[in-house]
Amino acid sequence: MELKAVGTAGTLESSDVMITIEPAQDGGIVLTDFQSSVINQYGRQIKAEVLASLERLGVKNAKVVVNDHGALDCTIKARVECAYYRACQADVDGVYDWGGVIR
């Protein structure tokens, strides 16, 4: 699927993460803003999880914003997947493969 719009998933509550994905021209995946309340302890792991999830979804070019408040890896994966499907406007087509790509 192709990114068509801005997709956001998550909240700013404790133990959650807000992910925003938007289409970008060539240039790969760019984390335009990365914030976390636990960046010193888990920043590299969070970034790696976001990038790995996008890779499994087949995203090649995107601008990504991550605002983490201590989310677990499973939450990060779920938020990335949801933001991706929203950015692809999959709800318009009625095509959701929830959990089908990211494991």
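Okay, let me start with helix α2, where Thr-75, Ile-76, Val-80, Glu-81, Cys-82, Ala-83, Tyr-84, Tyr-85 and Ala-87 are buried. By buried I mean under 20% relative accessible area, with exposed over 50% and partly exposed in between, using a 1.4 Å probe and protein chains only. Helices here are DSSP runs of H or I with at least four residues, strands are runs of E with at least two, and both are numbered from the N terminus.

Before I go on, the caveats. This is a predicted model, so local features need pLDDT of at least 70 and side-chain atom pairs count only at pLDDT 80 or more, while totals for chains, interfaces and linings use all residues. Residues are numbered from 1 along each chain as its sequence is written, and side-chain values use heavy atoms, with hydrogens and water left out.

Back to α2. It has 15 residues and reaches 21 Å from its first C-alpha to its last, close to the 21 Å expected at 1.5 Å a residue; that expected span is 1.5 Å times one less than the number of residues. Just after α2, Gln-89 takes a positive phi of about 55 degrees.

Now, the whole chain. We have three helices and four strands, running β-β-β-α-β-α-α from the N terminus. Buried residues make up 34% of the 103 residues.

So what order do the strands take in the sheet? The sheet is open, goes β1-β2-β4-β3, and has mixed pairing. Strands count as paired if DSSP finds at least two bridges between them. At the edges stand β1 (7–9) and β3 (29–36), each with a single partner strand, so one side of each has no neighbour in the sheet. On average, neighbouring strands are turned by 10 degrees against each other, direction ignored. For angles, axes are lines fitted to C-alpha atoms, for helices over the stretch in contact, and the values run from 0 to 180 degrees between N-to-C directions.

Ala-9 stands opposite Ile-19 in β2.

And the helices on the sheet? Helix α2 (residues 73–87) packs on it, touching β1 and β2, and its direction makes about 35 degrees with that of β2. Helix α1 (residues 39–57) lies across β2, β3 and β4 (62–68), at about 145 degrees to β3. Contact means heavy atoms within 4.5 Å. Among contacts between residues at least 6 apart in sequence, 71% join residues at least 24 apart.

Next, charges. How many salt bridges does the structure hold? Two, counting a side-chain nitrogen of Lys or Arg within 4 Å of a carboxyl oxygen of Asp or Glu. Asp-16 forms one with Arg-79, with the closest N and O atoms 3.0 Å apart. Asp-16 lies in the loop between β1 and β2 and Arg-79 in helix α2, so the pair ties together parts that are 63 residues apart in sequence. Asp-16 is buried at 7%, whereas Arg-79 is partly exposed at 27%. Glu-49 and Arg-56 also meet in a salt bridge, at 3.4 Å, N to O. Glu-49 is buried at 9%, and Arg-56 is partly exposed at 35%.

Last, cysteines. Is Cys-74 buried or exposed? Exposed, at 53%, whereas Cys-82 is buried at 15%. With a disulfide taken as a pair of cysteine sulfur atoms within 2.5 Å, the count comes to zero.
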